[in-house]
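Me: I'd like to go through this one with you for a bit. Can you take my questions as they come?

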Amino acid sequence: MEVQSDLHSVMRFFNRMNALVWLAGIFVAHAALYIALGTATWFTTALLATCFYGAVILVGKLIGTYYKDKEESK
């Protein structure tokens with residue numbers, strides 16, 4: 001099953017990723033983007049975008065941990 005293998009790869013990626021490094025990179029990328037666009041509230045906007053992606057990463061890590069535990073119990 002190709003889909004099962006792809007899902008396993010994605011979940012393994014979420015389990016191994018360092019969330020703080022990713023969030024720092026996302027914040028820097030958004031800050032650079034909003035500064036380049038001339039956004040007056042670039043810090044707040046970059047922080048809000050980082051919070052959103054942080055929630056997505058956190059949910060991904062939680063699902064990845066559940067998926068890993070489920071695979072180990074088989």
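Reply: Gladly; what follows concerns a predicted model, and we can begin with one of its helices.

Me: How many residues does H2 have, and what is its reach from first C-alpha to last?
Reply: Helix H2 runs over residues 19-37, which makes 19 residues, and the span from its first C-alpha to its last is 27 Å, close to the 27 Å expected at 1.5 Å a residue.

Me: Which residues in H2 are buried?
Reply: Those are Ile 26, His 30, Ala 31 and Tyr 34. Viewed down the axis of H2, the buried residues fall within an arc of 130°, so they line one face of the helix.

Me: And what is exposed on the other side of H2?
Reply: On that side Val 21, Val 28 and Ala 36 are exposed.

Me: Back to His 30, why does it count as buried?
Reply: His 30 has a relative accessible area of 15%, and buried means under 20%. Leaving aside neighbours within four places in sequence, His 30 is in contact with Ala 46, Ala 49 and Tyr 53.

Me: What happens at the start of H2?
Reply: There, a side-chain oxygen of Asn 18 comes to within 3.3 Å of the backbone nitrogen of Leu 20.

Me: And just after H2?
Reply: Just after the helix, Gly 38 takes a positive phi of about 80°.

Me: Changing topic, where is Phe 43?
Reply: Phe 43 sits in helix H3, residues 42-72, and at 45% relative accessibility it counts as partly exposed. Between Phe 43 and Ala 31 there are 6.5 Å in space, C-alpha to C-alpha, although the two are 12 residues apart in sequence.

Key
Residues numbered from 1 in each chain as written. Predicted model: local features only at pLDDT ≥ 70, side-chain atom pairs only at ≥ 80, totals over all residues. Heavy atoms only, no water. Helix = DSSP H or I, 4+ residues; strand = E, 2+ residues; numbered from the N terminus. Buried < 20%, exposed > 50% of the residue type's maximum accessible area, 1.4 Å probe, protein only. Expected span 1.5 Å × (residues − 1). Arc of directions from axis to C-beta. Polar contact = N/O pair within 3.5 Å; in protein donor to acceptor, adjacent residues only side chain to side chain. Contact = heavy atoms within 4.5 Å.
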